[in-house]
Amino acid sequence: MHLHGLVRLSACLALASAALAFASDRVPKPVINIDKPGKCVEDTATMRREHPDMLKHQRDLTVHEGIRTREHSLKECVGCHASRKTGSVLGENGFCQSCHDYASVRLDCFGCHASKPKLTNGAKP
Amino acid sequence: MAESLIYRELGGTSRRYWRLLALLAVPLALGAVSYFYMEHYGHIVTGMDNQIVWGMPHVFAVFLVIAATGALNVAMAASVFGKTTYRPVAPLSALISLALLAGGLAVLMLDLGRSDRMIVAVTRLNFQSIFALRVILYDGFMASVGVYFWFLLERRMNRYIKPAAILAFLWQLLLVTGTGLEFGFNFRAAYDSVLYAPMFIAFSSAYGTAILILILLAVCRWEDRPVSDELLRRLKNLLGIFVGASLFFAVLFLSSKHELARSRDVARFLLFDGGVYTALLWLGQLGIGAILPLALLLRSQVSRAALAAACALVVLGGLAQMYVTLIGGQAYPQILFPGLVESSSFFDGEIHPYTPSVPEVLLGLGGVGFAAAIVAVALRALAMLPERLDQTAGPQA
Amino acid sequence: MSTDANEALSRRGFLAISAATLGGVMLAPGIRLIEIAGARAPEQAVSRQVRWGLLIDTNKCAPGCDDCVKACATENGIKDTGHPRTDAQWIRKVELKDLRSGRTHSVPVMCQHCEHPPCVDVCPTGASFKRADGIVLVDRHTCIGCRYCMMACPYKARSIVFQEITDQNPDVPRGNGCAEGCTLCVHRIDHDRQPACVEACTRAGHNAMIFGDLNDPQSEIAQRVAKYASTHIRADLKLNPGVRYQGL
């Protein structure tokens with residue numbers, strides 16, 4: 001009846017708008033700039049899928065057991081992926097920021113972790 | 001033959017009730033705004049610092065939690081100790097207990113430095129320590145009181161009331177003792193005393209019973225439900241005993257702190273040199289919170305107005321006591337080198353100042369509003385209170 | 001009878017096997033731990049064999065000298081925001097005066113890295129924890145900012161971050177709302193370096209602070225602790241801190 005029809009209408013509208021959004025590229029696709037040459041620690045598909053779990057596993061090893069291997073270290077990720085222009089993985093077209101903005105997933109890491117790599121001449125920021 | 005009591009939910013004109021809810025929405029909204037403000041900018045916008053780490057939100061929250069454990073006393077008197085006079089108000093007592101605890105916990109959770117990690121707080125528990133188990137204590141209290149409350153209202157479950165009540169009673173004891181020992185086992189000079197456990201049991205009984213009586217009087221006035229003088233007289237005596245016990249333990253605690261040489265300095269601070277803390281201790285906790293109510297209550301004939309006034313004074317005195325305990329206890333510095341005068345760039349050795357900020361107070365009041373809203377909604381939704389409270393209770397307990 | 005004899009044999013056999021297994025299980029970690037007592041590779045976990053500690057000779061601590069404090073702030077990215085009441089101070093110099101004798105004294109105080117840390121006891125999420133090698137740390141991934149550890153610590157060692165931080169030192173993550181305190185420069189220790197405060201004190205020539213493994217009888221700190229009297233702050237609390245003081 002009235003309510004039923006209203007529910008169906010709003011469901012159709014919701015689906016339609018989502019489809020339209022995808023079709024019209026209203027949400028800009030993330031800009032992925034690889035500034036430094038070379039390979040990442042795993043292949044792209046694995047990194048996209050697994051990087052949250054890799055980071056979560058590594059952080060427990062590092063914080064609680066003092067295991068500081070460089071392979072899955074967040075510091076190393078930032079060191080390699082920081083934009084050459086801004087020096088950070090955040091900000092516009094930042095490596096982490098642009099994908100996370102597109103996927104609308106909150107980036108909690110850089111509340112505490114530095115988003116810029118350590119300066120190579122040893123000076124601290 | 002005594003008529004069996006008919007329990008009925010709050011009725012009355014809708015408009016008046018919606019106006020009440022609109023009034024309660026004000027502290028809730030202000031509390032929510034304060035929470036988002038504090039969460040967005042960080043605790044820099046509050047009056048708290050690295051010296052006073054728990055501020056006004058904790059004053060309200062601990063008061064609400066302590067009052068919650070005590071508000072259950074009347075229900076326990078009815079269902080565990082067989083005092084059938086209180087049976088008609090047992091559901092109200094249980095509900096107020098749950099509502100106050102919910103309000104207190106809400107304020108605690110919202111005052112976290114990382115409140116976005118609330119889920120972590122309840123899922124990752126550090127089982128190594130008894131203090132961390134208080135999350136389980138809170139949850140268990142809510143569950144056991146909830147079950148008891150359900151058994152009270154559900155006629156088919158009435159015969160299981162006693163075991164449910166005994167479980168709730170044990171959990172109540174565990175929770176209030178645990179909360180007291182959070183301070184009692186703390187090394188700060190103003191804490192560090194096992195007396196905090198029985199003292200908080202006495203405080204909780206006084207504050208919770210006072211709040212129960214106030215709500216009972218208010219609800220019965222709202223709908224002109226008659227309340228017998230006998231019931232009020234017994235509640236008055238109960239409150240008098242609890243306030244007397246609170247006074248006893250407070251005096252015992254303060255005088256023992258003063259007597260022992262190792263804690264004499266902090267006792268002198270609280271009792272004489274503490275400025276606002278001394279004023280709140282004598283005038284607030286002891287004067288308004290204990291002596292004045294006792295003067296009102298320890299008479300044979302107490303009018304309802306006097307009873308309500310005594311209850312309100314006990315609540316105000318309770319807030320003063322929480323301020324002295326929480327803020328005063330932190331204002332007095334940690335002593336690293338007994339017998340020596342300390343000073344540092346990190347404010348060792350000095351009394352730490354504190355000014356409550358507006359967001360903190362609003363957050364605390366939001367918790368109070370939350371508890372009140374729960375009571376208001378529950379009274380309207382559930383048949384918790386009898387239509388008449390002026391008959392002798394039936395044989396059921 | 002024969003069945004009893006059979007049972008007795010198998011019981012004995014069972015006991016023998018379990019004893020051997022138990023012995024093996026108990027010995028095996030010991031053998032592994034002896035291996036680790038030397039310098040630790042990055043992929044090895046920390047172990048209880050080591051207990052890091054500090055020995056501070058306050059007789060060599062000049063009042064007004066704050067080399068250790070400045071070095072800590074620089075190393076850990078702690079900036080002065082102009083609000084001393086809410087700014088973190090992981091180490092501070094406490095100036096002491098004995099009113100009866102008139103003696104004045106200066107003591108650097110930081111997280112004491114207790115063996116029985118009250119902050120670990122009260123942390124509801126287990127974010128405040130003691131690493132196997134004795135360093136007491138805050139796991140900021142789990143910290144909810146309840147400040148219970150700050151209430152519980154008798155040394156006022158913990159602070160909380162009151163506002164958002166940017167430009168952290170990549171080696172020392174720090175963030176809004178989380179509790180924090182002296183980490184004994186764990187990011188340096190794990191790479192066989194000294195804490196920043198000790199290094200600064202030594203470099204300036206005061207030599208008031210020694211860092212080392214209290215469990216290693218060959219280390220300088222263990223030898224000094226065995227030879228000269230040293231004590232803890234608030235030893236009456238029986239927390240057995242890893243930081244020891246001389247000249248208190």
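Visitor: How far apart are the nearest C-alpha atoms of chain A and chain B?
Guide: This is a predicted model. In it, chain A and chain B do not touch. The distance between their nearest C-alpha atoms is 10 Å.

Visitor: Which chains share the most contacts?
Guide: Two pairs of chains are in contact. Chain A and chain B do not touch. The pair that shares the most contacts is chains B and C.

Visitor: Which element supplies the largest share of the side of chain C that touches chain B?
Guide: This contact takes 35 residues from chain B and 43 residues from chain C. On the side of chain C, at least two residues each come from β2 (91-97), α3 (118-122), α4 (148-152) and β6 (159-160). The largest share, six residues, is that of β2(C).

Visitor: How many residues of the side of chain C that touches chain B are nonpolar?
Guide: By class, this side includes eleven charged residues and ten polar ones. The number of nonpolar residues is 22.

Visitor: Which residue of β2(C) does Ser343(B) stand opposite?
Guide: Strand β2 (residues 341-344) of chain B runs antiparallel to β2(C), and four bridges join them. Within β2(C), the residue opposite Ser343(B) is Glu95(C).

Visitor: How many residues of the side of chain C that touches chain A are charged?
Guide: The contact between these chains takes 18 residues from chain A and 22 residues from chain C. The side of chain C has eight nonpolar and seven polar residues. Its charged residues number seven.

Visitor: Which residue of β8(C) is the bridge partner of Leu54(C)?
Guide: Strand β1 (residues 52-57) of chain C pairs with β8(C) over five bridges, in the antiparallel sense. In β8(C), the bridge partner of Leu54(C) is Phe211(C).

Visitor: Is the crossing of α2(C) and α6(C) right-handed or left-handed?
Guide: The axes of helix α2 (residues 67-76) and helix α6 (residues 196-203) of chain C come within 8 Å and cross at roughly 135°. That angle makes α2(C) oblique to α6(C). The crossing is right-handed.

Visitor: How many charged residues has the contact of α2(C) with α6(C)?
Guide: Among the residues that make the contact are Ala71(C) and Cys72(C) of α2(C), and Cys197(C) and Ala200(C) of α6(C). By class, the contact has seven nonpolar residues and no polar ones. The charged residues number three.

Visitor: Where in chain C is confidence lowest?
Guide: The mean pLDDT of chain C is 88, and 87% of its residues reach 70 or more. Confidence is highest in strand β5 (residues 136-138) of chain C, at a mean of 97. Over residues 28-37 of chain C, the pLDDT is below 50. Confidence is lowest, at a mean of 56, in helix α1 (residues 2-36) of chain C.

Definitions and conventions. Residues numbered from 1 in each chain as written. Chains lettered and ligands numbered in written order. Predicted model: local features only at pLDDT ≥ 70, side-chain atom pairs only at ≥ 80, totals over all residues. pLDDT = per-residue confidence, 0-100. Contact = placed C-beta atoms within 7 Å. Nonpolar A, V, L, I, M, F, W, Y, C, P; charged D, E, K, R; others polar. Pairing = 2+ DSSP bridges. Axes fitted to C-alpha atoms, helices over the stretch in contact; angles between N-to-C directions. Parallel < 35°, antiparallel > 145°, perpendicular 65-115°, else oblique. Left-handed = near helix turned anticlockwise from the far one by under 90°.
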